[in-house]
Amino acid sequence: MISEKKEENPPQLDDGLMVNGVPINITTLQPGDATNFPQLGHTVRIHYTAALADGMQFDSSRARNQPIVFKLGSATVLPGLEAGIKTMSRGQVAKIEIPPEAAYGSNGYPPIIPPNAILFFEVELISFANVEESRES
């Protein structure tokens, strides 16, 4: 008898996220705490690896061993990436697929990102905080 091996923690696809009228696909690779989610205005700390559809990696905070820190809503990162991060809980690792309309569009970012490129980010939400509230306390 052939038995099927089931994954203990299969990746989870989060449906329904739209940016600029296009869907952003998020697949959970490692669940977070499922309780704490960042909000607009929070300062987030993430690790990420970015790649093109052919798998060519073009950027990685992990390779630099330096997480990036930015404020949600500040337009510091691509709209599709920010939207995906807002759905993640602390400690979560997810693969975020960003269509060109929520990334670099029809222009791309020559010579690194070709026109109309779909980008793939593997993101770990390390931590986040509301810096303004922290200063007031």
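Is asparagine 65 buried or exposed? In this predicted model, asparagine 65 is exposed, because its relative accessible area is 62% and the cut-off for that class is over 50%. The residue belongs to the loop between helix H1 (61–64) and strand S7 (68–71). Its backbone is worth a look as well: phi of asparagine 65 is near 55 degrees, a positive value in a residue other than glycine.

Alanine 75 sits in the loop between S7 and helix H2 (79–86). With a relative accessible area of 68%, alanine 75 is exposed.

The strands come next. Strand S4 (residues 25–30) and S8 run antiparallel and are joined by five bridges. Within this pairing, asparagine 25 has glutamate 97 in S8 as its bridge partner. S8 also pairs with S9, again in the antiparallel sense, over six bridges. Alanine 94 stands opposite valine 123 of S9. S8 is therefore paired with S4 and with S9, where the requirement for a pairing is at least two bridges. In a regular strand, side chains alternate between the two faces of the sheet.

The loop between strand S8 (93–98) and strand S9 (119–129) contains tyrosine 109. At 47% relative accessibility, tyrosine 109 counts as partly exposed. Together with Tyr104 and Ile112, Tyr109 makes a nonpolar surface patch of about 280 Å². Proline 111 is found in the loop between S8 and S9 too. A cis peptide bond, with omega about 0 degrees, joins proline 110 to proline 111.

A pair of aromatic rings is described by the distance of the centres and the angle of the planes. The structure holds three aromatic pairs. One of them is formed by tyrosine 48 and phenylalanine 121, with 6.1 Å from centre to centre and 40 degrees between the planes, and this pair is tilted.

What is the accessibility class of phenylalanine 58, and why? Phenylalanine 58 counts as partly exposed because its relative accessibility is 23%, while the cut-off for buried is under 20%. Phenylalanine 121, by contrast, has a relative accessible area of 6% and is therefore buried. Tyr48, Phe58 and Phe121 form one aromatic cluster.

Another ring to inspect is that of phenylalanine 128. The charged end of arginine 90 sits over this ring, 4.4 Å from its centre.

Charged side chains also meet each other. How many salt bridges does a search of the whole structure find? The search finds two salt bridges. In one, the side chains of aspartate 59 and arginine 64 meet at 2.6 Å, N to O. Aspartate 59 is partly exposed, with a relative accessible area of 27%. Arginine 64 also counts as partly exposed, at 44% relative accessibility.

The side chains of arginine 62 and glutamate 124 meet in a salt bridge as well, at 2.4 Å, N to O. Arginine 62 lies in helix H1 and glutamate 124 in strand S9, so the pair ties together parts that are 62 residues apart in sequence. Arginine 62 is partly exposed, with a relative accessible area of 40%. Glutamate 124 is partly exposed too, with a relative accessible area of 22%.

Notes:
Residues are numbered from 1 along each chain as its sequence is written. This is a predicted model: local features need pLDDT of at least 70, side-chain atom pairs count only at pLDDT 80 or more; totals for chains, interfaces and linings use all residues. Side-chain values use heavy atoms; hydrogens and water are left out. Patches are made of residues with over 30% relative accessible area and no salt bridge: like charges are joined within 9 Å, nonpolar side chains (Val, Leu, Ile, Met, Phe, Trp, Tyr) within 5 Å. Accessible areas come from the Shrake-Rupley method with a 1.4 Å probe; for residues, only the protein chains shown count as cover. A salt bridge is a side-chain nitrogen of Lys or Arg within 4 Å of a carboxyl oxygen of Asp or Glu. Helices (H or I, at least four residues) and strands (E, at least two) are DSSP runs, numbered from the N terminus. Buried means under 20% relative accessible area, exposed over 50%, partly exposed in between (1.4 Å probe, protein chains only). Rings of Phe, Tyr and Trp (its six-membered ring) pair if their centres lie within 6.5 Å; planes under 30 degrees apart count as stacked, over 60 as edge-to-face and the rest as tilted. A charge sits over a ring if NZ of Lys or CZ of Arg is within 6 Å of the ring centre and within 35 degrees of the ring normal.
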